[in-house]
Amino acid sequence: MSTPETKSLLVQEAPIFVQSTPGRSGASLPALDVPAVDVAALWPAALRRERLPELPEVSEPEVVRHYTRASLWNFHIDKGMYPLGSCTMKYNPKSADAAAAIPGLTMLHPYQPEDQLQGALAMIHELEGYLARIAGFARVTLQPSAGAHGELCGLMLIRAYHEDRGKRRSKVLIPDTAHGTNPASCTVNGFSTVPLATSELGYLTPEAVKAVLDDDVAAIMITNPNTLGLFEERIAEIAELVHGAGGLVYMDGANLNALLGRFRPGDAGVDVMHFNLHKTFATPHGGGGPGSGPVGVGEKLVPFLPIPTVEKRADGSYALDQERPKSIGRLRAFLGNYGVMLRAYAYIRELGGEGLKQATEMAVLNANYLRASLRELLHVPFPDRCMHEVIASDHDLKATGVTTLDIAKRLMDYGFHPPTVYFPLVVHGALMIEPTETETPQTLDCFVAALREIVDDARQSPERVKSAPQSTGLGRLNETLAARKPKLRFGGEE
Amino acid sequence: MRYLPHTQDDIARMLRLIGAPSVDALFASIPEPLRLKRPLELPAPLAEAQLLEELRALAIKNHPQSRATGALVFAGAGAHPHYIPSAVDALSSRSEFYTAYTPYQPELSQGTLLSIFEFQTMVAELFGMAVANASMYDGASAAAEAVLMARRLTGRSRALLAPGLHPEYAQTCVTYLSGMPLAGGGSPIARLPLSANGLTDLAALREGLAAGDVACVLVQTPSFFGTLEDLAPIAEATHAAGALLCSVTTEPLALALCKAPGDAGADLAVGEGLGLAGPLNLGGPGVGLFAVRDKRAVRAMPGRLVGETVDSQGRPGYVLTLSTREQHIRREKATSNICTNHGLFALRLAIHLSLLGKTGFEALARQNLAKTVFARDLLAEHGLRPRFPGAPFFNELALAVPGGDADAVVRQCARRGVVPGVALGRFFPELKDTLLVAVNETHSREDLIRLAKSMKTIA
C-alpha cells in the first residue's frame with residue numbers, strides 16, 4: 001500500500017510586521033466627497049489618540065503573498081483525512097459556501113425592519129424546525145455560537161426550570177468520559193459537578209446514577225454515543241430515574257453524527273441537547289471557529305428559551321418575539337451565527353432525510369471498519385463494537401518507549417492529521433479515531449497501513465517514530481518554552 | 001449522494017471484514033424501542049442547481065443595501081458595516097484556512113497560528129494593551145467573560161454597567177451571571193442611570209462603587225449612542241474603589257483616532273470586530289475581541305492564546321499556549337468554558353487591518369468622521385437635533401426626531417427605500433424620540449442628501 005508523498009515547497013514566513021515599510025498601504029478608499037474635518041477642533045485632547053496603532057505598512061500584493069504562504073503551512077480537510085474523535089471533521093460541501101455567499105442573504109443588518117428580513121427569518125425558522133424533527137424536540141434556539149455556548153445555554157434553561165418551580169438545585173452529574181467543556185460549563189453556570197464512573201464495559205449504569213441521585217441534582221449531562229464511541233444503551237432507564245428524582249437530562253450532541261435518522265434523543269427522555277452545526281452538519285471549522293451550537297428542548301423548557309425567538313405569524317410572515325417573560329435572556333448580541341446556519345440549512349436541504357441517514361450509516365460503517373482493522377495492530381479497549389468513533393491506545397507498545405504522542409506526530413509524515421489524543425481520560429494513552437462518512441475505504445486502508453508501519457518501527461527503530469514529524473515544515477514545537485516565557489505578540493517587551 | 005464514496009461493493013467488503021451481516025446490524029446497540037422506525041420529516045433532497053435556486057429565492061425576500069435597487073441602510077448600533085476588500089474574501093476562503101481544524105497540532109497548523117499571533121498583536125495595539133487573546137464569540141459574550149475574569153482577579157462579585165453600554169451586551173452579562181446571584185439574592189449586574197448627556201456620570205459612578213464590592217465597571221466608547229467617553233477620570237474613580245475598568249468598543253475603527261483604552265487607564269478591553277471582518281450576516285459571525293493591560297493577568301484570561309516558541313531545531317514557530325487555563329485541561333476549574341472561538345473572523349480582521357495598514361486605518365476613520373459631521377449638519381436642517389448635545393461623536397448620531405416618534409420615521413423612510421437608522425424606543429422606553437443614525441465610508445454625499453430628503457418629505 002503506497003502512502004502519500006508529503007514533501008512540499010514551504011517558504012519560511014515571518015510575521016507580516018517584519019515586512020512593514022513606512023508609507024506603504026493596501027487600502028482602497030473613495031475620494032472624500034464631503035469637507036474634511038479637523039479632529040482636534042471636534043474632540044478635546046483627552047479623547048484623542050497620540051500615537052497611531054502599529055499596523056503593518058504593506059501593499060496588497062504583499063498581503064496576498066504573505067497569507068497565501070502562511071496558509072500553505074496548514075493541514076486541512078480539503079487536503080487529507082482528519083480522524084479527530086468527537087470533532088467530526090467531514091468534508092465541507094462547496095455548495096453550502098456558494099449558498100452562504102449570496103449577497104441578498106449576507107448583506108443584512110440585524111436591526112433592519114423585519115419586513116426587509118423575511119428571507120433570512122424564514123431560513124432560521126425552517127432550520128429550527130429541521131433540527132427539532134431530526135432530534136425529537138419541541139423547539140430549538142439557534143442563538144448559541146458554539147457547542148460550549150450551547151452547553152451554557154442548556155444549563156441556564158435547566159436552572160431557570162427548577163427556579164420557576166421554586167427549587168434551587170446545585171449539582172450536575174457528569175460521567176468521567178465527558179468532554180472538558182461539560183464540567184467547565186457547569187462551573188461558569190454556578191453548578192457543582194458530581195463525577196460518575198463508567199462501567200468496565202464503557203457504559204453509564206442506572207446503578208451508578210442511583211448511588212448519587214438526590215433532590216439537589218439539577219440534571220445529568222450525558223454524551224451519546226459517549227466518548228468511547230459506544231451508544232449509552234440504558235439512556236432511557238437513566239432518564240426515567242433522573243426524572244423520577246425531579247432532575248432533567250442534558251445530552252451533549254457533539255456525537256450526533258452517529259445517530260441521524262436512527263435515534264432521536266427527544267424520544268429517549270432527553271430534555272435538552274446542543275447540536276454542533278460545525279460537526280454534524282458539515283459547516284467548516286475555519287481553523288478554530290466560528291461554529292454554531294443550537295439547543296433543542298422538550299416542551300417543559302420552551303418558556304425559558306433565549307430571546308428573541310423567530311415566530312411564523314398566521315399570515316405566513318416571520319417576526320422576532322422579544323416578549324418571553326420566563327426567558328433566560330440572551331447569550332450574545334443579535335441572532336446567532338447566521339452565516340453558519342445558512343451552510344447547515346443548505347446541507348440539510350441538499351441531503352434530505354434519507355441522505356442524512358445514509359451519512360450516519362457510512363460514518364458508523366467507516367469507524368467499525370477501522371475498529372476491525374486496528375484491533376490486530378494496537379490495543380483497542382472496546383474491540384467488539386463502536387458507533388462513529390473507535391478508541392485505541394499505546395498500551396501494547398509500552399516496552400518500546402513509543403507513546404501515543406509519538407504515533408500522532410509520526411502520522412503527519414504519512415499525510416494524515418493525528419486523531420484526538422489522550423482523551424477520553426479513562427483510557428490511558430488514548431487515540432480517539434473518528435473517520436466520518438466522507439472518507440473512502442481506500443483512504444482508511446492507507447491510514448491503517450501507515451499505523452502498521454509506525455507500530456513496526458516502534459518495535460524495530462523507535463527513534464524514527466520518536467523524532468517525528470520530519471516532513472512537516474517545522475519539527476516538534478517546544479510547548480514548555482512557550483508556556484514558561486509567554487511571547488504573545490510581535491514586538492512586545494516580553 | 002455525492003459526498004458519500006461508498007459503492008455497494010465497498011459496503012459488502014467492509015461488512016465482511018467487520019463480521020457484520022448488514023449496516024443495520026451496526027446499530028444493534030440502540031435498544032429496539034428507541035430506534036426511529038420512520039423517515040425523518042424533512043424536505044426532499046435537492047441537486048446543487050435546485051438548492052442554489054431555492055436560496056436565491058430566499059434572498060429576494062430580503063432587502064440588502066444595494067446601489068442597484070437603491071436600498072440604503074444607516075443602521076449601526078453595534079453592527080457597523082464597512083467595505084470589505086476582495087482580498088479578504090480571497091485569502092480567508094482558501095481552504096487551507098477555511099477547512100482547517102483548531103491548531104492543536106502545531107506542526108500542521110503554522111499558517112493559522114501565525115495569523116492568530118498577528119491578530120493578537122493588532123488587537124493589543126488597537127486597545128493599547130499588553131496581550132489580546134485568539135478571539136471570543138462576539139463583543140457581548142466577551143463583555144460577560146470580562147466580568148467573570150474581574151471577579152476572579154478581585155474576589156468581588158458585582159459589576160456596574162455604564163448607561164451607554166449596548167443593551168444586548170447588558171442583557172448578555174445579566175444572563176451569564178444568572179447562576180451567581182448575590183448572597184442576599186438579586187443580580188450582581190447593575191446599570192448606572194441614563195444621564196442627561198448619555199455619558200457616565202462620575203458622581204453616580206462613585207456612589208455605585210461606594211460599597212466596595214464592585215469587581216469591575218464596563219464602559220462603552222464610542223457609546224451605544226455614538227458618543228465618546230473620557231475614560232481617564234472613570235478609571236481613576238474605579239481604581240480608587242479597588243475595582244477594574246473594562247472598556248467596550250463595538251466599532252474598533254474609532255480606535256484609529258480615539259485615545260487607546262489602555263492609555264486611558266482601562267485594565268481590560270473587549271470589543272466586536274464584525275463590521276471590519278465581514279459582511280454583517282444579520283449580526284454574526286463576527287469576532288469578539290479581548291485584551292488585558294497587565295500581562296501578569298494573562299493567566300486569568302479566558303480563551304485560547306498563541307505564543308511564539310522554537311521547534312526541535314531551534315527554528316521559530318507558534319503554538320497554542322497557557323492552555324492550563326482552558327477547559328480541555330482544567331475541566332471544572334477552567335477560566336472559561338469556551339472551546340471553539342471565531343478564528344476565521346479573527347483572520348479576516350487581521351487581513352483587513354493589514355491591507356488598510358497604519359495610514360489607511362486612520363484615513364478610513366477620518367472619512368467616517370467627516371461624513372458623520374456632514375450628515376449631522378444636513379439632518380439638523382431638517383429638524384433632527386442631537387439627543388445628547390455637546391457630546392463628541394465618531395460615526396454614529398443619536399438624534400431626536402421632529403414629532404417624537406422615531407419608529408414611525410423608520411417605517412415611513414423604509415417605504416422610500418431608506419433605513420434611516422435604529423429607533424431606540426425598543427431598547428430604552430425614554431428614548432422613543434431618538435433615532436440612531438450610523439454613517440460610514442460606503443455612503444456617498446448623494447446618499448447622505450437622500451437620507452436627509454427622505455426625512456423632509458415626512459416632517
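# Chat about a two-chain predicted model

Modeller: To start with the contact, 172 residues come from chain B and 178 residues from chain A; residues are in contact if their C-beta atoms, placed from the backbone, lie within 7 Å. This is a predicted model: local features need pLDDT of at least 70, side-chain atom pairs count only at pLDDT 80 or more, and totals for chains, interfaces and linings use all residues. Residues are numbered from 1 along each chain as its sequence is written, with chains lettered from A and ligands numbered from 1 in the order in which they are written.

Biologist: Which helix gives the most to the side of chain B that touches chain A?

Modeller: Helix 12 of chain B, residues 343-381, with 23 residues. Helices here are DSSP runs (H or I, at least four residues) and strands are too (E, at least two), numbered from the N terminus.

Biologist: And how do the residues on that side of chain B divide?

Modeller: Into 95 nonpolar, 49 polar and 28 charged. Ala, Val, Leu, Ile, Met, Phe, Trp, Tyr, Cys and Pro count as nonpolar, Asp, Glu, Lys and Arg as charged, and the others, Gly among them, as polar.

Biologist: New topic. In what order do the seven strands of the open sheet in chain A run?

Modeller: The order is 1-7-6-5-4-2-3, with mixed pairing; strands pair if DSSP finds at least two bridges between them. Strand 1 (139-141) and strand 3 (192-196) of chain A are the edge strands, each pairing on one side only.

Biologist: What about strand 5 and strand 6 of chain A, parallel or antiparallel?

Modeller: Parallel, over three bridges. Asp252(A) stands opposite His274(A) in strand 6 of chain A.

Biologist: Which strands does helix 6 of chain A lie across?

Modeller: Strands 1, 4, 5, 6 and 7 of chain A, and helix 6 runs at about 165° to strand 6 of chain A. Axes are lines fitted to C-alpha atoms, for helices over the stretch in contact, and angles run from 0 to 180 degrees between N-to-C directions.

Biologist: Back to chain B. Which residues of helix 8 are buried?

Modeller: Leu205(B), Gly208(B) and Leu209(B). Buried means 20 or more other C-beta atoms within 10 Å of the residue's own, exposed 12 or fewer, and partly exposed in between, with C-beta atoms placed from the backbone.

Note on methods: Contact = placed C-beta atoms within 7 Å.
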